[in-house]
Amino acid sequence: MIRESYRNANHHRSRTGFPALAALLAIFIAAPRLRGDEPYARSRDYDLQHSKIALRFDLDQKKVLGEVTHSLSILRDGSTKIAFDSVGLNIQSVTLNKASAKFETSADKLIIPLPAAAKTGEKFDVAIRYEGKPAKGIYFILPDKDYPDRPKQIWTQGESEDTRYYLPTYDYPNNRLTTETILTVPASWITVSNGKLISVSDAGKGLKTWYWKESVPSSTYLITVVAGEFDEVKDTWRGIPVTYYAPKGRGDRLPINYGRTPAMMELFSKKFGVDYAWEKYAQVMVDEFVAGGMENSSATTNSSNSLVHPKLAPEYFTGQDDLISHELGHQWFGDLVTCKDWGDIWLNEGFATFLEEVWTEVHFGKDQADYERWNNAREWFESGNLWKKPIVRHDFDDSSEFDGNAYNKAGWVLYMLRHQIGEDAFYRGLKHYLEVNRGKNVVTSDLSRAIEEATHTNVDQFFSQWLYGAGGPKFELGYSYDSEKHQVMLAVKQTQKVEGRVGLFRVPAEVEITTASGPKLYDITVSKDHQTFPLPAESAPLMVLFDKGGHVLKSAEFHKEKKEWLYQSKNAVDLADRADAVVALGKMKNDEEVIGALGETLRNDKAWGVRATAADALGQIGGASASKLLLAALDSNDKPWVRNRVVSALGNFKDDAAVAAKLNSIAKQDDSYRARAAALQALGRLKGPNAFATLEATVAADSPDDFLRKAALRSLGSLGDDKAVPLLLQWSAAGKPLDSRTAAINSLGRLQKDNKDITKQIAAYLTEPHFPVRMASIYALGGRGDATAVPALEALLKSDDLSIEMAPMIKAQIARLKKPANGKPDANHGAGDSGEESSEGSDEKLTTEQRLEKLEHLLQEMSERLKSMEKRLPPPKQ
Ligand SMILES: [Zn+2]
C-alpha cells in the first residue's frame, strides 16, 4: 500500500527552507489511532482455507448484503468455538456444516460455539448471512445532488485490519486462503475481484452476477471488491490478461499512464527468476480512494489521481511509474510472500519501494535512480521522529507501522544490501527467498536466512544495524595531505549520538582521490567513532570523495574548500557527488564565483536533477546575479520538470521587477503547465502588485483538469489579499469540482481570520460525505485559530463514518484551537501527545513571536500540500 505522505511532501519543503515540515507531517500521520493494529501475529485456532463470498448492494442505504461460506480446518484439539473478526455487521444466520447454528456477537467478534469439542484436522463449513452499513472497509462513491453525473463506484480497502468491517472473517495476515467472489450488480456495471473471471450471468431485475475465482492463496487484507461504472482497456503479458479500469469517461487516460505495466511485469519476472504468479493483473482506478494504491492480489486498486490528463502527463518525467511499479512489486513481495505480522511490514513496503527504483534505473536510467535515492536519503535524515525507531519494531501502539522507515529507509537498506553483496548474489538470494516462502508468511529472519543459504554470505551484522537497530551514520569528514609521504590522511568521525537502538555503524565505503594524474579508488570500512585512513596520493588532491556515488544511507559534513566544491560540482562522475557539491555551494552567500559556477551547472549538467538542484541553490543564495542566471535559464526551454523548479526558485526574489514581470508572463502563457502553476504559486508568495489580477483571471479560465485554476486558488491564500474572499467562497461551494474546492477552502481558511462567517461556512463543509472536502475543512479550521469552530469539529468526531486517519487529525485541530492564543500552539502534540519528538530543537533560540510565525508558515505550507496528503499519492518526483 502507499499511504504515507511525508516522503512525498518533502521534496520541495527541504529546498524552500521548511525542513521541519516533514517531521510535522509525519507526526500528524502518525498521531494516535482509534485502534492500534495488532503488532504480533495471533496464535491460530483454525486454518481458514477458502471463502465463498457473495455480495449484493443496497445503493440507497449504502448497505452490503452478504452471504459468506468459510471452509476451515481446526488446528487445536478440544476447540469449542470458532471466532471471526466482525465489526458493526448485523449477523442474520449461521450454519455449521449446513445445520443451523447458534452464535454470539461482541463489538469486534462473531463467535460460533461448536456442538462438541473438535479435534485437530476436523473440517467445518461455516455459512454466514449478514448485512451492514460499514463505516470503513467498503466505500460507496455515488452521485448526489451536488455531483449528479459522477460514475457510481463501490470499492474496498482491507489493509491493514478493515476487511472485518464488511466481511466476517479471520482478519490478520498470518492465514492464507483461496476465494470465490460472487457479485450481483446492475447490468451496466463492471466488477473486479481477485483471480479469474469465470462467468457473468443474468440475475434478473436488471442485474448481473459476476463470478470471480482466485486459486492462489493469500491473506484476507488482500481481498478486493470493486464494482461500478468503469471503462476498461485490455492488454496482455505472456498470455496473461492485463486490464486497466478508469471511472467511466476517463478510459482514454489509461494507456498513457498505465501502458508500461507489461514491461514492468517482464522486468520483475526476469530479475526475481520467479514469474508473476497470479492468473491476471488488473489495475482499477477509483475516485476518492483512501490510499494512493493498494496491492490486492492480482487486482490492484489505485487512486484515480493517477489518471493524469493526457496534456499534463508528458510533463512528468517518470509519469505514474513509481505508483505502478510499487503496487506491481507487491504482487511478489506482499502478496505471494506476506509479512507474518505488522511489525515486519517492511518486508512488504521496503521491497515495493526498492522496486520502484529498480524499474526507474532500467527504464529511466541511472541518473534518475541516483537522484531519487539522493533525495530520499536527505528526506529520511530530516524526519526526526523516525530516527530512534528500528525498521523492525512491534511497539507501534501510539503510531502507525506504515512509517517512513518501513518505506523510504527500508527501500534504501535493500539498495545498500544489493550494492554490498553484488547484483548477482542479491537476486540469487531473492529468488531463493521467494521460492522457499512462496505462499507463506514471513518474518525478517526468513530473508537473512534465504540470502545466506543462497549466497553463503552472512548478512547478520548488516541486518542487525540496519533493520533491528535504529538511526544511521552521521559523518564528519576532513583530510590533510602529507607531501613527504604522498598520503591523504582522511579523518572520519561518526557523530550520531549512541543511545537506545542507535549504535556506531560499520559500513564499507569507496573513497576516490583525484590528483593531476587522474582518479584512484580505495575501499575502506568505517567502524569506529574516530578513524584516520592513510591513502596514497602522488600529489595534492583536486578532489576527495567519501562513499563515491552515494551508496550508503548517511549524512555527511565534509570540510572542503570552495575550490574543491567547485571542482567537484563540475568533475565528479556520479550524480550524488555533484549534487552534494551544489548543495554545499548553495550555502556560500555573496560570492560571484560560486554564483557563476551554479549558473553553469544549471545550464550544462547532463543530469536534470543536478540542474534543478542548482536552481534551488541560486534561489537560496538570492541577489541580482542569481536572479539573472535563473531568468536566463528560462530562455533555454529546459524540460518541464526543470523549468518548474527554476520558476519556483524565482519565487524567493522579493522586490525584483524583472522577476515579477517574468513570473507574470509565464503564469499567463507558457508551453509548460507545470511552469505556469509554479509561477502562479510564486506570485502569491511574492505578493507583487499585479498578482491578484493574474490569479483572478486564471481562476476564471479553463485548463486540463483545472490544473491552473487549482494553482491560482491555492496561491490566493499565500497572497493574503481579502479581495479574494468572494472568489474563494464561490469555488469552495458544493457542486464545484472537489479538487478546486479543497484548494479554495485551504486558502479561504487563511483570509480574514476574525470573520466568523467564513469559519461558519467552512464548518458547514464538515458534514459533507466527500473525504477530500472534509479533510481540507478540518485543516483550514485548525489553522484559522477561531475557536468558534470547536463544537462543529467535536460533533464531527462523534459521527460513525470517519476513516481511521481522520479522527486523530480532528483531535489535533481541536487541540490547536483550544490552546490559549499566546501559548505554544504546538500542533506536534495536539492529538493527545503521541510521544513523538519535535525536530525543531533550534526553536529554543527564537522568540515566541518568531516561533509562532514559523509554525504558522509551516501549517500553511502543510495545508497547501493537503491534496497529496489525503490522497496518499506519491507526487511525481521530478
Ligand atoms: Zn506499498
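1. Which residue is the bridge partner of V286 in β20? The partner of V286 is S303. This is a predicted model, and the points below should be read with that in mind.

2. Overall make-up. The protein chain holds 29 helices and 29 strands. Of its 878 residues, 62% are buried. Among contacts with a separation of 6 or more, 71% come from residues 24 or more positions apart.

3. The sheet around β20. Five strands form an open sheet, in the order β16-β17-β18-β20-β19. Its pairing is mixed. The edge strands are β16 (230–237) and β19 (293–294), and each of these pairs on one side only. Strands of a sheet pair through backbone hydrogen bonds, in either the parallel or the antiparallel sense.

4. Neighbours of β20. Strand β18 (residues 281–286) pairs with strand β20 (residues 299–303) in the parallel sense, over five bridges. A282 has A299 of β20 as its bridge partner, and V286 has S303. The pairing of β19 with β20 is antiparallel and rests on two bridges. Here M294 stands opposite T301 of β20. Four residues lie between the strands of the β19–β20 hairpin. In that hairpin, S298 takes a positive phi near 65 degrees.

5. Burial of β20. Is this strand enclosed or open? Five of the five residues of β20 are buried, so the strand is largely enclosed by the rest of the structure. In a regular strand the side chains alternate between the two faces of the sheet. In β20, A299, T301 and S303 are on one side, and T300 and N302 are on the other. Both faces are covered, with all of these residues buried.

6. The zinc site. Which atoms coordinate the zinc ion? They are M1 (N), M1 (O), H326 (NE2), H330 (NE2) and E349 (OE), at 2.0 to 2.4 Å. Along the chain, the donors follow the spacing M-x324-H-x3-H-x18-E. The pair H326 and E349 links distant parts of the chain, 23 residues apart. H326 belongs to helix α5 (residues 321–330), and E349 belongs to helix α6 (residues 346–364). Both H326 and E349 are buried.

7. Helix α18, length and start. The helix has twelve residues (residues 657–668). At 1.5 Å a residue it should span 16 Å; the end C-alpha atoms are 17 Å apart, which agrees. At the start of α18, a side-chain oxygen of D656 comes to within 3.2 Å of the backbone nitrogen of A658.

8. Helix α18, packing. Which of its residues are buried? V659, L663, N664, I666 and A667 are. Seen down the axis of α18, these buried residues fall within an arc of 165 degrees, so they line one face of the helix. They pack against α16 (624–635), α17 (640–650), α19 (673–686) and α20 (691–700). On the other side of α18, A657 and K668 are exposed.

9. L728 in helix α22. This helix covers residues 725–732. L728 counts as buried, at 0% relative accessibility. Leaving aside residues up to four places away in sequence, L728 touches L713, L716, A744, S747, L748 and L751. L728 and S747 are 19 residues apart in sequence, and their C-alpha atoms are 7.3 Å apart in space.

10. Backbone points to check. Most residues other than glycine have a negative phi, and most peptide bonds are trans. The peptide bond that joins E159 and S160 is cis, with omega about 5 degrees. S160 is in the loop between β10 (153–156) and β11 (177–186).

11. Positive phi at R238. Phi of R238 is about 45 degrees, although R238 is not a glycine. R238 lies in the loop between β16 and β17 (240–247). Its relative accessible area is 47%, which makes R238 partly exposed.

12. Positive phi at H456. Phi of H456 is near 60 degrees, again positive in a residue other than glycine. H456 sits in the loop between α10 (444–455) and α11 (460–468). Is H456 buried or exposed? H456 is exposed, with a relative accessible area of 70%.

Key:
Residues are numbered from 1 along each chain as its sequence is written. This is a predicted model: local features need pLDDT of at least 70, side-chain atom pairs count only at pLDDT 80 or more; totals for chains, interfaces and linings use all residues. Side-chain values use heavy atoms; hydrogens and water are left out. The expected span of a helix is 1.5 Å times one less than its number of residues. Buried means under 20% relative accessible area, exposed over 50%, partly exposed in between (1.4 Å probe, protein chains only). The arc is that of the directions from the helix axis to the C-beta atoms. Contact means heavy atoms within 4.5 Å. A polar contact is a pair of N or O atoms within 3.5 Å; within protein, one must be able to donate a hydrogen and the other to accept it, and residues adjacent in sequence count only if both atoms are side-chain atoms. Donors are N, O and S atoms within 2.8 Å of the metal (3.2 Å for Na, K and Ca); water is not among the atoms, so sites may look incomplete. Two strands pair if DSSP finds at least two bridges between them.
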